[in-house]
Amino acid sequence: MHQRQKPSAPEHTSDPAADGGALSMSHNDSRSLLNFSQLVLSAGQIKPSPGLKHSKITYFEVEILDVQSKKQICIVDKVPPASTVLDVKHKFHKACPQWYPSRVGLQLERNGPFLKDSINIQSLAVSSIITLYFTDLGQQVGWTTFFLTEYTGPLLIYLLFYIRLSTIYDQVESRKNFRHPVVHLACFCHCLHYIRHLLETLFVHKFSEGHTPLKNMIKGCAFYWGFTSWIAYYINHPRYTPPSFGHRQVSYAALAFLEIKPVFQVQLTTPSHGSSCWCPVPTIHMRYMTFFCLYAKGWVLD
């Protein structure tokens with residue numbers, strides 16, 4: 001009688017050589033990965049090529065239009081992002097030599113304010129093309145020239161009346177009439193006042209490189225020169241007589257003249273063309289000084 005044998009479960013046998021090969025390959029892969037990571041870390045950040053870096057630099061084109069007619073005057077191209085409005089004015093001056101930078105007023109809108117020279121052009125850009133409106137500010141003069149011209153005129157004009165030119169006064173009366181001491185005192189105070197202002201303009205006050213329209217200087221000179229001519233004519237006239245109250249009036253007025261010093265205050269002003277600058281502006285003391293000058297000199301004609 002044959003006995004049926006049960007099939008035995010298959011025995012799983014491991015091949016030592018195959019297992020060792022798999023472990024060796026896994027170890028080699030991890031070592032290669034480690035070496036590659038160390039290589040990347042040692043190489044550092046990959047630098048962009050010069051061509052890529054150069055491609056990021058952009059230039060603006062500034063289109064300048066006339067504020068009245070809206071006609072195009074010129075196009076200023078290749079304006080770097082770091083440029084200012086003053087740089088654009090210099091480039092505009094090269095294209096149109098008849099308008100120097102201090103004479104050029106640029107606006108972002110037709111009815112808007114004038115742009116300051118220190119504004120960065122990139123802050124105005126919406127696209128690569130910037131449109132600005134041009135206004136001719138007229139002939140400009142520097143602040144130092146403005147005040148030197150304004151103060152030199154009264155000094156010279158008064159001296160011309162003081163020496164009694166024959167074209168102004170009658171020479172017969174000039175030789176006949178004796179000059180009162182207060183006339184010499186008035187000339188001394190007047191000259192001292194304007195010499196002091198001239199020296200302060202040259203050596204004390206620090207003006208910026210700002211400018212002002214020429215018409216403003218003409219207005220200031222008309223006031224100072226005209227007022228000086230008016231008072232100098234009467235004070236130095238041959239028929240001039242001393243003040244009504246005598247030496248007391250002259251003494252009080254002279255003391256007041258010496259006490260009133262702050263005729264001008266140096267303030268930061270922003271002219272219409274937008275560039276801020278430090279310049280003297282008259283204060284209320286100017287009125288008192290004018291009053292005491294007239295009071296001190298107190299002319300009376302016979």
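Predicted model: local features only at pLDDT ≥ 70, side-chain atom pairs only at ≥ 80, totals over all residues.
I begin with the two helices. Two packed helices are described by the angle between their axes and the distance between the axes. Here, the axes of helix α4, residues 143-162, and helix α7, residues 214-235, come within 9 Å and cross at roughly 15°. Since angles under 35 degrees count as roughly parallel, α4 is roughly parallel to α7. The crossing of α4 and α7 is right-handed.

Which residues of α4 and α7 make the contact? On α4, they are T145, F146, T149, E150, G153, P154, I157, Y158 and F161. On α7, they are N216, M217, G220, C221, Y224, W225, T228, S229, A232, Y233 and I235. By class, this contact of α4 with α7 comprises 12 nonpolar, seven polar and one charged residues.

I turn now to the sheet. Four strands form an open sheet with mixed pairing, in the order β2-β1-β4-β3. At its edges stand β2, residues 72-79, and β3, residues 104-107; each has a single partner strand, so one side of each is left without a neighbour in the sheet. On average, and with direction ignored, neighbouring strands of this sheet are turned by 30° against each other.

How is β3 joined to β4? Strand β4 spans residues 129-136; β3 and β4 run antiparallel and are joined by four bridges. In this pairing, G105 has T135 of β4 as its bridge partner.

Finally, I come to a helix on the sheet. Helix α3, residues 85-95, lies across β1 (60-66), β2, β3 and β4. Relative to β2, α3 runs at about 120°.

Definitions and conventions:
Residues numbered from 1 in each chain as written. Heavy atoms only, no water. Axes fitted to C-alpha atoms, helices over the stretch in contact; angles between N-to-C directions. Helix = DSSP H or I, 4+ residues; strand = E, 2+ residues; numbered from the N terminus. Parallel < 35°, antiparallel > 145°, perpendicular 65-115°, else oblique. Left-handed = near helix turned anticlockwise from the far one by under 90°. Contact = heavy atoms within 4.5 Å. Nonpolar A, V, L, I, M, F, W, Y, C, P; charged D, E, K, R; others polar. Pairing = 2+ DSSP bridges.
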